[in-house]
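Visitor: I am new to this structure and would like to learn how to read some of its features. Could you take me through them slowly?

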Amino acid sequence: MRRRTFLKTTAGVIGYAGLFRGISGAESDSTFDAAERVYLGPKRIPATRLFLGTGSSGWNHRSNQTRKLGVGGLANFLESAFENGVTSWDSADMYGSHPHLAAALKNGVPRKDVTILTKSTARTPREMRKDIERFCQELGTDTIDIFLLHCLEDPNWRTNLKPVMDVVDEFQERGVIRSKGVSCHSLAALKAAAEEPWVEIDLARINPHGNVMDADPETVIAILRDMKAAGKGVIGMKVFGAGQLVDKMDECMRYVLNLDCVDAVTIGCESIQQRDEVVSLINRTPRIA
């Protein structure tokens with residue numbers, strides 16, 4: 001029996017919940033598309049199903065992508081993906097990848113046709129104001145599509161970072177930031193993000209095995225479903241468990257893409273070959289009806 005036929009038959013009997021936690025139904029004949037358009041959060045920010053991550057092992061303004069590819073190489077990486085319809089870029093000050101995105105724009109990628117996401121670790125209003133102004137200069141753009149508070153762990157960040165959030169609001173009102181949100185790195189911070197109306201888009205760690213996540217998949221999925229019910233956009237990260245699940249890539253992608261609480265995924269590929277393999281993986285991943 002062919003694998004797809006077997007899976008359909010099996011799913012019809014036991015349901016996909018028996019194979020992947022949090023998902024039920026039978027495998028359909030249609031597949032996902034890395035270049036498929038999705039719309040994130042209350043501002044309906046257009047993006048592709050796949051965000052191209054630029055921050056593998058990102059720290060101290062450097063990442064594997066910036067180290068290995070350099071400005072020209074990473075710009076070419078983004079440009080060639082754009083030519084094939086994948087138009088969403090995931091960056092951060094921590095990764096040092098802003099100049100690389102700017103180079104792709106200078107090389108002819110139309111700013112209006114790409115979605116730029118970036119993140120700040122600023123924890124004071126003064127630092128945040130300086131970050132947003134600097135980010136725009138480094139990116140070579142007047143507008144940031146998605147701006148996130150990066151690496152939140154504090155369970156009380158909603159109170160402690162209120163002055164910082166007010167600065168982000170100011171720039172959003174001026175049109176410099178189109179949509180705002182958070183990237184969470186603790187369960188308490190993730191729960192707070194689900195409850196906080198200020199958050200429009202959340203970047204959350206999710207995979208079927210719980211590797212490098214804030215909690216087990218069932219716990220995280222319940223919180224992400226609360227986010228979706230509140231109208232927030234959700235982008236999944238650590239889909240391959242920060243590289244710990246590369247031997248289970250098909251399983252991980254099938255699991256995360258079919259969750260009803262995840263709109264898009266960000267994957268940090270370190271070469272054009274890796275990127276094309278991930279795009280191919282997404283494009284052959286079946287939807288579960």
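Guide: A polar contact is a pair of N or O atoms within 3.5 Å, where one atom must be able to donate a hydrogen and the other to accept it. Please keep in mind that this is a predicted model.

Visitor: With that idea in hand, which backbone nitrogen lies 2.9 Å from a polar atom of the side chain of Ser 88?

Guide: The backbone nitrogen belongs to Thr 48, and its distance of 2.9 Å from a polar atom of the Ser 88 side chain can be set against the cut-off of 3.5 Å. Ser 88 itself has its place in strand β5, which covers residues 88-90.

Visitor: Is Ser 88 buried or exposed?

Guide: A residue is called buried when its relative accessible area is under 20%. Ser 88 counts as buried because its relative accessibility is 0%.

Visitor: Which residues does Ser 88 touch, not counting residues up to four places away in sequence?

Guide: With those sequence neighbours left out, Ser 88 touches Ala 47, Thr 48, Leu 50, Phe 51, Leu 52 and Thr 115.

Visitor: Let us turn to charged side chains. How many salt bridges are there?

Guide: A salt bridge requires a side-chain nitrogen of Lys or Arg within 4 Å of a carboxyl oxygen of Asp or Glu. By this rule the count comes to 24 salt bridges. One of the pairs is formed by the side chains of Glu 36 and Arg 287, with 2.8 Å from N to O. Glu 36 lies in the loop between β1 (27-31) and β2 (37-40), while Arg 287 is in strand β12 (residues 286-288), so this pair ties together parts that are 251 residues apart in sequence.

Visitor: How should I describe the accessibility of Glu 36 and of Arg 287?

Guide: Glu 36 counts as partly exposed, at 21% relative accessibility, and Arg 287 is partly exposed as well, with a relative accessible area of 24%.

Visitor: Which residue forms a salt bridge with Lys 68?

Guide: The partner is Glu 270, and the closest N and O atoms of the pair are 2.4 Å apart. Glu 270 sits in the loop between β11 (264-267) and α10 (272-284), and Lys 68 in helix α2 (residues 64-83), so that the pair links distant parts of the chain, 202 residues apart. Glu 270 is buried, with a relative accessible area of 17%, whereas Lys 68 counts as exposed at 56% relative accessibility.

Visitor: Which residues are linked in a network of salt bridges?

Guide: Such a network links Lys 43, Asp 169, Lys 180 and Glu 200.

Notes: Residues are numbered from 1 along each chain as its sequence is written. This is a predicted model: local features need pLDDT of at least 70, side-chain atom pairs count only at pLDDT 80 or more; totals for chains, interfaces and linings use all residues. Side-chain values use heavy atoms; hydrogens and water are left out. Helices (H or I, at least four residues) and strands (E, at least two) are DSSP runs, numbered from the N terminus. Buried means under 20% relative accessible area, exposed over 50%, partly exposed in between (1.4 Å probe, protein chains only). Contact means heavy atoms within 4.5 Å.
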